[in-house]
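Open the structure in your viewer and keep the selection tool at hand. This tour goes stop by stop.

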Amino acid sequence: MKPSAQAHELAVHPQPRRVMLVRQRRVYATPERAESLLAEARRHRLDRPDRASRWAGLAWMAAERVGGVEGLRLQALAAAEDGNARRLLGQWRRAESLYRLAWSRLPERGGGEELEILLLEASLAIQRETWARAWDLLHRATRLAEARGDPDGLFRARTKCGLASKEAGRYVQALEYLRDARDVAPTPGERVHALHNGVVVYADAGWWRDGLAYSEVLGPYYQALGPLWSARGDWLRGRLAGQAGRWELAADCLRRARVAIEAHCRYWETAEVLCDEAEASLRAGRVEEVGELAYIAAEAFRAIGLERRARRAAGLLRVAGTVEGARALVVLRGMLRARRTSAPPGARG
Amino acid sequence: MPKGGELSRALRSLRERSGLSQAALAKACGTSQGQVSSYELGKADPGATVLVRMLSAMGYDFADLDAALREVRGEPPRNHTPPPGTAPPEARDILRPQIEDELIRQEVDRRVGEILGAVLREMTPAPEGRSKNET
């Protein structure tokens with residue numbers, strides 16, 4: 001079987017087949033294989049950081065066997081991807097050492113790989129609130145994207161600048177960066193993405209009155225981007241309605257969002273929206289729903305290794321005071337295992 | 001010092017908000033209904049003592065009179081705080097034009113799509129044996 005065919009098979013076959021292929025060491029030493037494993041890691045980037053880390057580890061091993069400049073390039077990307085997954089899992093020290101590793105393997109400067117590492121490392125700096133470092137990385141990423149004439153890279157860099165400003169509580173500055181991101185957005189979908197982020201800034205700033213109005217206006221555009229984005233629009237509207245004290249509306253919006261996001265098997269987002277829905281239901285007086293929602297959220301967060309977030313869900317569960325009842329309900333309905341039973345990717349070796 | 005017309009309109013507005021009739025207010029502050037009417041029409045100046053008594057009878061103070069005068073003049077209230085959940089103007093000035101621009105763009109795209117669709121339908125020959133109108 002040709003390497004490209006192997007890579008294709010890896011990409012299209014379901015999980016057990018992929019795991020089997022990964023274990024066949026004879027197919028390790030191809031750039032296509034490493035690229036394919038890296039693509040798997042990226043696919044899980046914002047959903048299953050635990051899996052993303054495992055796939056990135058496999059990509060690293062494959063890249064090591066490729067050798068040469070291409071192998072180094074792939075190693076740098078794999079290390080950075082693993083670093084990002086570790087960051088999301090809260091393993092910041094490990095993430096830092098992986099980024100150092102990525103820089104040490106980068107064969108040449110000024111390429112798309114450097115931009116990728118800069119943006120991923122900036123996320124760690126933002127999460128750690130080391131703002132000087134974060135802005136240094138983001139400015140370097142912006143300059144690099146401009147020098148390369150890379151609209152997608154520039155869009156990502158400016159979006160990340162906006163999100164960094166938002167995290168730092170500089171909401172107006174965040175909106176300015178997001179406006180710049182929209183100005184360079186390569187596709188209509190990314191333009192709507194930038195506007196969505198703008199409304200997210202409004203929600204974080206507590207400007208729900210305007211935010212609700214904007215999210216209503218953006219509704220049809222979310223629909224044009226597909227059901228997942230439509231669900232994200234509902235989620236945002238639910239958050240804003242909650243801030244406005246309209247808890248019934250919030251709970252309804254969040255339920256719609258959760259059902260749609262669940263259907264896309266998005267672990268992380270499902271758990272997040274479950275938490276928000278549990279809180280809205282609690283405030284709306286639908287206490288009987290809270291325990292089950294919060295229990296599933298806590299389990300989902302634990303399944304992907306996000307313990308801090310699992311604790312938030314567990315807190316809601318305690319508030320609902322229905323721990324045992326909720327557990328029994330979930331076990332009875334078989335909700336957890338019936339819906340998400342895809343096995344983790346194979347071991348590194 | 002407020003102009004006579006402004007003060008009279010502010011006093012009338014405060015009295016109406018308090019729910020008192022001219023007669024009731026006059027009785028509460030020891031004057032006549034005709035006198036209250038002339039204050040509200042700007043025909044007479046109530047003077048400081050009567051003004052304090054009128055405000056007190058209506059349950060207001062000078063801060064309320066000041067707010068009523070600003071309202072009459074069309075000025076924003078002092079220490080104006082926007083309602084909760086409202087974005088500051090500088091934030092609105094950034095996001096709102098973008099959303100409006102997106103609305104225009106999408107509307108233009110939709111209309112262009114409709115026109116192109118119509119043109120293409122015109123250009124596409126009708127299947128044999130069927131006239132255009134049959135479709």
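How many helices and how many strands make up the secondary structure of chain B? Select chain B and see: six helices and zero strands. Helices here are DSSP runs of H or I with at least four residues, strands are runs of E with at least two, and both are numbered from the N terminus.

A word on the model before moving on. This is a predicted model, in which local features need pLDDT of at least 70 and side-chain atom pairs count only at pLDDT 80 or more, while totals for chains, interfaces and linings use all residues. Residues are numbered from 1 along each chain as its sequence is written, chains are lettered from A and ligands numbered from 1 in the order in which they are written, and side-chain values use heavy atoms, with hydrogens and water left out.

**Stop 1: chain B**

Stay on chain B. Along the sequence its pattern reads α-α-α-α-α-α. Of its 135 residues, 27% count as buried (under 20% relative accessible area, with exposed over 50% and partly exposed in between; 1.4 Å probe, protein chains only).

**Stop 2: where the chains meet**

Now show chains A and B together. Here 20 residues of chain A are in contact with 19 residues of chain B, contact being heavy atoms within 4.5 Å. The two chains bury about 1,900 Å² between them, 61% of it on carbon and sulfur atoms. That area is the accessible area (1.4 Å probe) lost when two parts are put together, summed over both.

Look for salt bridges: the count between chain A and chain B is four. Each is a side-chain nitrogen of Lys or Arg within 4 Å of a carboxyl oxygen of Asp or Glu. Select A:Asp210 and B:Arg92 for one of them; the closest N and O atoms are 3.0 Å apart.

Next, select α10 (171-184), α11 (188-205) and α12 (208-225) of chain A. Each supplies at least two residues of the side that touches chain B.

**Stop 3: helix α7 of chain A**

Select residues 112-127 of chain A, helix α7. Its 16 residues should span 22 Å at 1.5 Å a residue, and its end C-alpha atoms are 23 Å apart, which agrees. The expected span is 1.5 Å times one less than the number of residues. Because 14 of the 16 residues are buried, α7(A) is largely enclosed by the rest of the structure. A:Glu129 follows α7(A), with a positive phi near 60 degrees.

**Stop 4: helix α13 of chain A**

Finish at residues 227-243 of chain A, helix α13. α13(A) is mostly covered, with 14 of its 17 residues buried. After α13(A) comes A:Gly245, whose phi is positive, near 85 degrees.
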